[in-house]
Amino acid sequence: MTEPFDTVDLIRTKRDGGTFADAEVDWLIEAYTRGAIAEEQMSALAMAIFFRGLSAPELSRWTAAMIGTGERLDFSSLSRPTADKHSTGGVGDKITLPLAPLVAACGVAVPQLSGRGLGHTGGTLDKLEAIPGWRAKLSNEEMLRQLEDVGAVICAAGSGLAPADAKLYALRDVTGTVESIPLIASSIMSKKIAEGTGALVLDVKVGSGAFMKQPDDARTLARTMVELGTAAGVRTVALVTDMATPLGLTAGNGLEVAESVEVLAGGGPADVIELTVALAREMLTAAGRDDHDPAEVLASGRAMDAWRSMIIAQGGDPDADLPVAKETEVITAPSDGVLTTLDAYAVGVAAWRLGAGRARKEDPVQAAAGVQLHAKPGDPVRAGQPLITLHTDTPERFDRAKEALADAFGIGAEAAERPVIIDRIG
Ligand code: URA
């Protein structure tokens, strides 16, 4: 087949700060997905984009071209509106688990196509697989049926949505080109637009445990994604939220399920409740159904009913005991004072090293491994009191996890106030 463009010319164009014509963008994405552009050439192009960026028209065409490589789902046959949430990923971020059934209980269907964890951030599917019997893989028909009957589905995103992204993301992961705002924005939004949701709420994390370390970068990423979603006809808003410290008191698959169930039962940590309710409010408003107060619905137990139905519909037993780690080890506070910091990235790495996460896509994860926190920044602590409990089935992992946590926390006279929700863009 004769190709209409020369890849090396296009790499040089971007390397030198030029912009692509629509036809060039379309060809780059289509030819790469087809295997006609070599991995080393796409690596060079991804690095050129990392340094030079993409203009707004280039980015919107790039995203559309990625969507065009796969299928688009259609939820228009459902009797209720749809809204989805996407988080850019953080430590202890189990919000999807209480949020999806809560929004469903308020009358909006939630099609949550999720992924597995890689590196220090956990994956929603890995968490739910800690529940005995629960099944991540559903056909499109099963997903639609569950959305109509239960109102919420959390399942594996099939390979049919934006397959260009799966290939490009794997390449970016090993070439140091993940942390590029246009590449992250097009990667996330191509999948979300192809998924066919009517409304989308983005949770853009900022801090040590997130891709974006600086609030202004997170705001730029949020704005870029909101613009892409809105232009594609999806009602899109974003919250920029704190990821300097983990969300809640747990990081690890089964531990996070247990904490989510506590929230659905009317308890749980304040930051998890605050963010769940705030995101639910945004989803309901974006879907045009703000006649319910999610805080009231959470307190009423109706979100718990929706959770149970959602787990049962996918073969899970909501009453089964969650797996318990074979071994635990406790880290205690070295002095009296107030916990001033607790670093999200360090906690994420520790949970990963204990077996909660994977280094390669094909690695298994331990359902019971992870980190349980006994205090959050701002809490008073006494010397010798338990601060962190490490859980694992493989105790040889404790030393490396403790190394990750060596400088993870500070104890002082007082802690600065840190809001969970930093900004709203939309
Ligand atoms: N999540 C994605 O799906 N893509 C990115 O590029 C980063 C996070």
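Is Phe 51 buried or exposed? Phe 51 is exposed, with a relative accessible area of 63%, where buried means under 20% relative accessible area, exposed over 50% and partly exposed in between, for a 1.4 Å probe and protein chains only.

The model is a predicted one, in which local features need pLDDT of at least 70 and side-chain atom pairs count only at pLDDT 80 or more, while totals for chains, interfaces and linings use all residues. Residues are numbered from 1 along each chain as its sequence is written, and side-chain values use heavy atoms, with hydrogens and water left out.

**Overall dimensions**

The chain holds 16 helices and 13 strands, taken as DSSP runs numbered from the N terminus (helices H or I, at least four residues; strands E, at least two). For 426 residues a compact globule would have a radius of gyration near 22 Å, and the value of 22 Å for the chain agrees with this; the radius is taken over C-alpha atoms, and the globule rule is 2.2 Å times the number of residues to the power 0.38. Along the principal axes, the C-alpha atoms fill a box of roughly 70 × 45 × 35 Å. Buried residues make up 52% of the 426 residues. Of the contacts (heavy atoms within 4.5 Å) with a separation of 6 or more, 79% are between residues 24 or more positions apart.

**Aromatic pairs**

A search of the whole structure finds two aromatic pairs, defined as rings of Phe, Tyr and Trp (its six-membered ring) whose centres lie within 6.5 Å, with planes under 30 degrees apart called stacked, over 60 edge-to-face and the rest tilted.

| Pair | Type | Centre to centre | Angle between planes |
|---|---|---|---|
| Phe 5 and Trp 27 | tilted | 5.9 Å | 55 degrees |
| Phe 50 and Phe 51 | edge-to-face | 5.2 Å | 80 degrees |

Because Phe 5 lies in the segment before α1 (7–15) and Trp 27 in helix α2 (residues 22–34), their pair ties together parts that are 22 residues apart in sequence. Phe 5 is partly exposed at 25% relative accessible area, whereas Trp 27 is buried at 6%. In the other pair, Phe 50 counts as partly exposed at 31% relative accessibility.

**Thr 33**

Helix α2 also contains Thr 33, which is partly exposed with a relative accessible area of 27%. Leaving aside residues up to four places away in sequence, Thr 33 touches Thr 69, Ala 164 and Lys 167. Thr 33 and Asp 165, which are 132 residues apart in sequence, lie 8.8 Å apart in space, C-alpha to C-alpha.
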